[in-house]
Amino acid sequence: MAGIATKHTLPAPFQEYELDDAFDEMVDGAGAVRPHYRHVYEALRELTADELRRRQQIADLSFLHQGITFTVYGRDEGTERIFPNDLLPRVLTREEWARIERGLAQRITALNLFLEDIYHEGRILNDGVVPREIIYSCKHFRRQMRGFHVRKDAYVTIAGTDLIRMPSGEFVVLEDNLRVPSGVSYMLVSREVMKRLFPELFRKCGVQPIEHYSQALLSTLRSLTPQGSPQGTSEPTIVLLTPGVFNSAYFEHAFLARQMGIELVEGRDLVVHDNFVYMRTTAGLRRVDVIYRRIDDDFIDPLAFRADSGLGVPGLFNAYRAGNVSMANALGTGVADDKAVYAYVPAIIRYYLKEDPVLANVETYLMSDPVHRRHVLGRLQEYVVKAVGESGGYGMLIGPQSTAEQRDDFRRRVEADPRNYIAQPTILLSRAPCLLDGNVQPRHVDLRPYILYGDKVTVVPGGLTRVALRKGSLVVNSSQGGGSKDTWVLD
Amino acid sequence: MPPRPVRSNGLTMLSRVADSLYWMSRYLERAEHTARVINIHLNLMLERGSHSDDLDWARVVRSLGIEIPVEDAGHAQSLAQSLLHDESNPSSIVASIVLARENARQVREQISSEMWEQLNRLFHAVRRSSSSEVWDARDFLQSIKEGAHLFQGITDSTMTHGEGWQFIQAGRFLERAMAVSALVGAHFREFHKPAQAGAERVYLEWIGLLRCCTAFEAYCKAYTAEVKAERIAEFLVLHPNFPHSIHFSAEALETAIKEIGREAGSRRAVRVERIAGRLRATLGFGQIDEIMAGGLEAYLTELLRQCGQVHSALYQTYISYPIEAALEA
């Protein structure tokens, strides 16, 4: 189908469903509905436009009432918005998922070995596989972590990896999120809503469950309990550390804490004494063993990192280094999701695991390389340029959709600080059917599965499918007008 | 948050959460009290004619426990006005509601969604309203009172009466005990003078005091409408069953503190329980003739001091205790 723009006329509510060069999740190149989408397709044909609208309204209300909102930064007040949720599920086959799962497990295993290595011996640097300058110039490299043994070498305990599907149908990795990835609560909540709205479809399709995520997260956190915790045989105390109610992901923090039955704490609830961490309760101080922290490295301890942080806990880093408390994720993991380091992940996988990567990378040009830089700056309108340390769709230029002014601005920025930028060819993300005004139309999507790394690797089947709801848009980030939809992996 | 299952490490309540619930409750009680006092005085002025308004407002503001600098005393009416809508005035009704909501927001997961919604509604209503003249504010004041009462009812019927609820009770009744003490003290300082001119006017003031504590009808049932300073003092300070009397508040406060001690199971609870018990006993064994003979104002000042001690002890025991004292809890 590559390169051939086809237009097929489908029956209602699909009459506006147009195909183009992008891979379509529902319809194949010949215009036929893919077998694994058949049940969804038929169900949609049977439902009237009014009935679809009604179900969309129920879903929206349910998100509103649960207070599922996110905060948009950099605008005026009143920036708390409902997370837009699209009603139609994105469906993956069991085979597609098996490959993704294998690839993600391989990737997180290699990345954890990589982190252990660069914070200790640095073999991969000595062997010249990854250039030393890239690591030491990375703003998320934490020299404070050098030589420190992280419990079970689980640096990245929770990862959210962004996958996209190429026009060929192949899934590739766009981005690793290894610091404090968010969005998993949307995955869980939207599944609950979908089960209420499409019970008969669920039964027919045979969707693999994801409800055990919270349980799996809790056991993963528990597996990090420091050795020699004085509690001995009793349960370790695990807490979720949030920056507080003003954080954009506060809903998720409260949601996960409640699901796991652990305490939701802020920095001011914790105190460090003699290198042990305690939380202040009305019954006195209670020792804390494991912290699922949703605060960035920089803000976690004003004594060790940014002194102006009011969110963190003074002395926490020392307690951590003393081995009296574990944190998930470990500090300093951001060096492995730096977008310049990303370019080396296939090499990292081969180096540590002696295997070929199951999931490929997107072709990436480092702007610190003069040849690449000249090449890309000459054709900026064809490339996506990203700042290496940013996430959430901030600090990037999408060449084909940019103005000359924006391109000049980015050109200046890249030339001023080449190490801080990478470029990738603009990729046509695959498209999936979405419900818009009672009509089904295709929109570009990506996929963010959530990976847990403890005594074993757990990937709940599916993840968060993010949608660029604006027609033609390739940006799926919630801060940039994106939404989400439920992801079904068939059994 | 639904009741947490009992785990091997027992039930816990974060000190911060207790702190927020306590202050949410105190600020709301404060807003309601301020609204009621101002509303009653607006009525009184209508009944009395308009002379010497400014002087009255200065006293009203003082009776809310707010100190007025000498140079501002002449602008008392604008001060009263700022007590309604001025968010930058920390004693204002709107500031109290904003702070109550802010505290609730910090612990949104711990209170029922009905509570949050009601407080949120009140907050938005208060933010929206404005009255250029203090005289126009009566609907506003009425809505504060009703909103606060509704919140208390919702709280009592939708939240588990566990440790968190007890902190709410403690905050409400400590605030009430202190507010009534200050109000009665200020009133007696002003009006309890022998053989005063304008007895008619003073009569209205005494009724106003009772109304400020929602006590006029209850007082009439107990003593008839005959107004006697000593009886009013007895009713507002010592009545065991009237919910706005200081004695009643102190008993409710002590009950809450004992329940907190039981739930938290802290061995450091002894001190705060002793101090709260002493406050209750000071009132429970008080005799009005003795109190009047010894000076009511001095007695009320002592009550306020003891209330302050209960607050400090509550904090030292459960909220901002020194680390060393609490290790191996």
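**A walk through chains A and B**

Let's start in chain A, where three strands make an open sheet in the order β3-β23-β22, with mixed pairing. Strands here are DSSP runs of E with at least two residues, helices are DSSP runs of H or I with at least four residues, and both are numbered from the N terminus. Two strands pair if DSSP finds at least two bridges between them. This is a predicted model, so a word on thresholds: local features need pLDDT of at least 70, side-chain atom pairs count only at pLDDT 80 or more, and totals for chains, interfaces and linings use all residues. Residues are numbered from 1 along each chain as its sequence is written, while chains are lettered from A and ligands numbered from 1 in the order in which they are written.

Angles here run from 0 to 180 degrees between N-to-C directions, and axes are lines fitted to C-alpha atoms, for helices over the stretch in contact. If you look at β22(A) and strand β23 (residues 482-489) of chain A, you'll find them running antiparallel, joined by four bridges. Arg466(A) has Ser484(A) in β23(A) as its bridge partner.

Chain A has another open sheet, with three strands in the order β8-β9-β10 and antiparallel pairing. Here β8 (270-273) and β10 (284-287) of chain A sit at the edges with a single partner strand each, so one side of each has no neighbour in the sheet. The neighbouring strands of this sheet are also turned by 40 degrees against each other on average, direction ignored. β8(A) and strand β9 (residues 276-281) of chain A run antiparallel and are joined by four bridges. Within that pair, Val272(A) stands opposite Val277(A) in β9(A).

Next stop is a hairpin. Strand β18 (residues 431-436) of chain A is joined to strand β19 (residues 439-444) of chain A by six bridges, and the two run antiparallel. Ala432(A) finds its bridge partner, Arg443(A), in β19(A). Two residues lie between the strands of this hairpin, and Asp437(A) takes a positive phi near 55 degrees.

Zooming out to domains, chain A is assigned domain 1 (96-353) and domain 2 (363-425), with bounds that come from an automatic or database domain assignment. The C-alpha centres of these two domains of chain A are 29 Å apart. Nine residues from domain 1 and eight residues from domain 2 of chain A make the contact, where two residues are in contact if their C-beta atoms, placed from the backbone, lie within 7 Å. On the domain 1 side, the largest share, three residues, comes from helix α12 (residues 339-342) of chain A. That side has three nonpolar, three polar and three charged residues. For these classes, Ala, Val, Leu, Ile, Met, Phe, Trp, Tyr, Cys and Pro count as nonpolar, Asp, Glu, Lys and Arg as charged, and the others, Gly among them, as polar.

Now hop over to chain B and its helices. Helix α7 (residues 163-191) of chain B packs on α11(B) at an angle of about 155 degrees, with the axes 8 Å apart. That angle makes α7(B) roughly antiparallel to α11(B); the cut-offs are under 35 degrees for roughly parallel, over 145 for roughly antiparallel, 65 to 115 for roughly perpendicular, and oblique for the rest. The contact of these two helices divides into 14 nonpolar, four polar and four charged residues.

Helix α11 (residues 246-264) of chain B also packs with helix α14 (residues 296-319) of chain B, at about 15 degrees and with axes 13 Å apart. That makes α11(B) roughly parallel to α14(B). Ile246(B), Leu253(B), Ile257(B), Ile260(B) and Ala264(B) in α11(B) meet Leu303(B), Val310(B), Leu314(B) and Tyr318(B) in α14(B). By class, this contact has nine nonpolar residues, no polar and no charged ones.

Finally, the chains meet: 24 residues of chain B are in contact with 23 residues of chain A. On the chain B side, α1 (15-48), α4 (93-106) and α15 (323-326) each supply at least two residues. The largest share, three residues, comes from α1(B). By class, the chain B side has eleven nonpolar, seven polar and six charged residues.
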